[in-house]
Amino acid sequence: MSQMIHRRNVIVRTEHGLHLSPCSRVAQAALKFRSQVWLTKGSVRADAKSVLDLMTLAAGPGAELTLEVTGDDAPEAVEAILHLFEYDLVSASS
Amino acid sequence: MLVKHGIAVSPGVAIGQSMVLGAESFRIPQRFVSVSAVDAEINRFRISLQAVCTEIEENERVARERLGKQYAAIFTAHLMMVQDHRIVDEIELLVRQKCFSPEFAVSRVFRQYAKKFQNLGVPYLAERATDIFDLEKRVLRQLLGERREELRNIQAPVLILAHNLTPSETASLDKAYVLGFATEVGGTTSHTAILAGALELPAVVGVGNFLSDVAGADTVIIDGSHGAVIIDPDAETLARYRAVEQEHRNFSNRLESIRTLPSVTLDGVGISLYGNIEFPHEAASARQRGGEGIGLYRTEFLYLDASAEPTEEDHYRSYCEVLKAFPDRPVVIRTLDLGADKLPIGFRMEYPEGVNPALSLRSIRLSLQHLDLFRTQLRAIARAACHGDLRIMFPLISTLLELRQAKMILGDVLEDLEEQGIAYRRDIPVGMMMEVPSAAIMAEQFAREVDFFSIGTNDLIQYTLASDRGDPRIANLYRAGDPAIIRLIQIVVKAGQSRGIPVSVCGQMSSDPLFVPLLVGLGLRQLSVTPHLIPEIKELIRKLTISKAENLANRVLRMETANDVESFLRGEHRKLSPESPA
């Protein structure tokens, strides 16, 4: 069992920031994995599997977030969330 | 614990569980469940949640088919919110560990999130609070099913917390179950506030936004004497307020003992105390509290409660009921004092855009343009006057012509009754409200044409200081202690004295113990007050002497600001009634 934390930085590239619908897409993606997935902005840490928690980040366009994942499927989870932030969310919001 | 401040409109302390009224009214029937019921309750919550999810999925499908994918996304997000494991886990934890009822836990947790969103300082997210309230309602609706309760059939004691209560909603509150209320909007003299006084319910209005801070069934304290609303009080605060509540009860009991004593000053001058009432049945309570008659019977509620125009018989029955409580004492009936937008369907008119209703067609002006409505009321008054000392009072008179017109119509009505051979009283006394500055300034002239004046301080303040009584943002302008108001009262009292006609004050000012010594000092010998305050005002009068009151009035007349006047009067009041809880 791996307790290693997989940590990456992501940038919010959606036009209006992490609004309700991008938040729900992130949560949907995170919920597919067994790992714990967290996103942090400054001092605010949100459970990426909770759409409500994600919204409390109040992350605007260009905000830098830290992604932290722990669990046995962490590498796959990191991969999926990064892909979401880099491609899917950007094209969906345009 | 959270303390919110608003405008104190009806004194007393109420402690109890909240019922939050939104667009839809839900009352949470119980806050706690027994330990043995926890599993069943959690199961009930899960079933309700599942039903809500099915409902939202259906909304999503319909939206996708009819409106397109981007609209359906809203419901996808709602579905994720309502299934959010943070919310679900927290609710289940509260039920399991604290034995909260699922309804109470749902309201609590959803509202915590709504609050969080409102406080993020991002307008978009603040608006999402609305989505959360919507979800809360969906879940509560499933949980409560047929047990949803409405304002009209509350079955257990609650404090009502609402954005606003309409006068008819306030009037329909059942005193057996409603302990008090607080609203986000409203001012001192809104009809809702006046009704709270009539119902003797502690009430605070104009609190500003606070409904998102409170969950249904939270413990709340409403301090109607100081204008405070305390949500989820700590043990110490709760104990302190329980003591205040008891003190109030003792104070009321003591006042009860002076009920049968006369209302005279220490130097033997009688000050007549009358009651202001909204509903006929209040006349009995005014009498029971030692009132010497009715100084103001507001007849608007005859119009507000009915969906159709009240008939002559409706009026007649109500007036006779009031006279039953006071068969041999003065009962002053004020004719219709409503805005055009509050009339029964069929007569109702909206004000054109840009027109200020307070300065437009209302009150006597409306009666003079709707002679059918006006004549119906006058006929009933003239007929009921056979059974006692009934008097007519016209509201909002601004000019002599208006008064003469109103009196002429009364003359016509009496003539008709004569011709029809219907019993009526010919020499019914006619008075007018002094509530428009133009009339107060011309009081000498008016005094020749009426039998009495009654000063309506609420409108007099509004019109003199040009400040809407319902707007908390300018509440600092709307002040009974303003020197301009005191001078206008002086003018009216002097005019009455010089023509030998009685003058009374029937606005909220005369119900405020602070102003009573001043009013007596200005020469008033009649006050008409909220019935439950009669004993307190009488106790105060019994401690006054006319010479002291006159000295006090002379000092006040030299003051320049409302602040000076009110702080001086507060000091004097403390000397007179050191033990009063107000």
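Two strands count as paired if DSSP finds at least two bridges between them. Helices (H or I, at least four residues) and strands (E, at least two) are DSSP runs, numbered from the N terminus.

The model is predicted: local features need pLDDT of at least 70, side-chain atom pairs count only at pLDDT 80 or more, and totals for chains, interfaces and linings use all residues. Residues are numbered from 1 along each chain as its sequence is written, while chains are lettered from A and ligands numbered from 1 in the order in which they are written.

**Exercise 1.** Give the strand order of the open sheet in chain A and its pairing sense.

Solution. Start with the elements: chain A has three helices and four strands, and from the N terminus they run β-α-β-β-α-β-α. The four strands form an open sheet in the order E1-E4-E2-E3, with antiparallel pairing. Strands E1 (6-11) and E3 (44-47) of chain A each have a single partner strand, so they stand at the edges with one side lacking a neighbour in the sheet. From one strand to the next the twist averages 25°, where axes are lines fitted to C-alpha atoms (for helices, over the stretch in contact) and angles run from 0 to 180 degrees between N-to-C directions.

Now take one pair. E2 (residues 36-41) and E4 (residues 64-70) of chain A are joined by five bridges in the antiparallel sense. Thr40(A) has Thr66(A) in E4(A) opposite.

**Exercise 2.** Describe how H3(B) and H4(B) cross.

Solution. Two packed helices are described by the angle between their axes and the distance between the axes. For H3 (residues 85-98) and H4 (residues 102-118) of chain B, the axes come within 9 Å and cross at roughly 140°. H3(B) and H4(B) are therefore oblique to each other (under 35 degrees is roughly parallel, over 145 roughly antiparallel, 65 to 115 roughly perpendicular, the rest oblique).

Next, list the contacts (C-beta atoms, placed from the backbone, within 7 Å). Ile87(B), Glu90(B), Ile91(B), Leu94(B) and Val95(B) of H3(B) meet residues of H4(B) including Pro102(B), Val106(B) and Tyr113(B).

Conventions: Contact = placed C-beta atoms within 7 Å.
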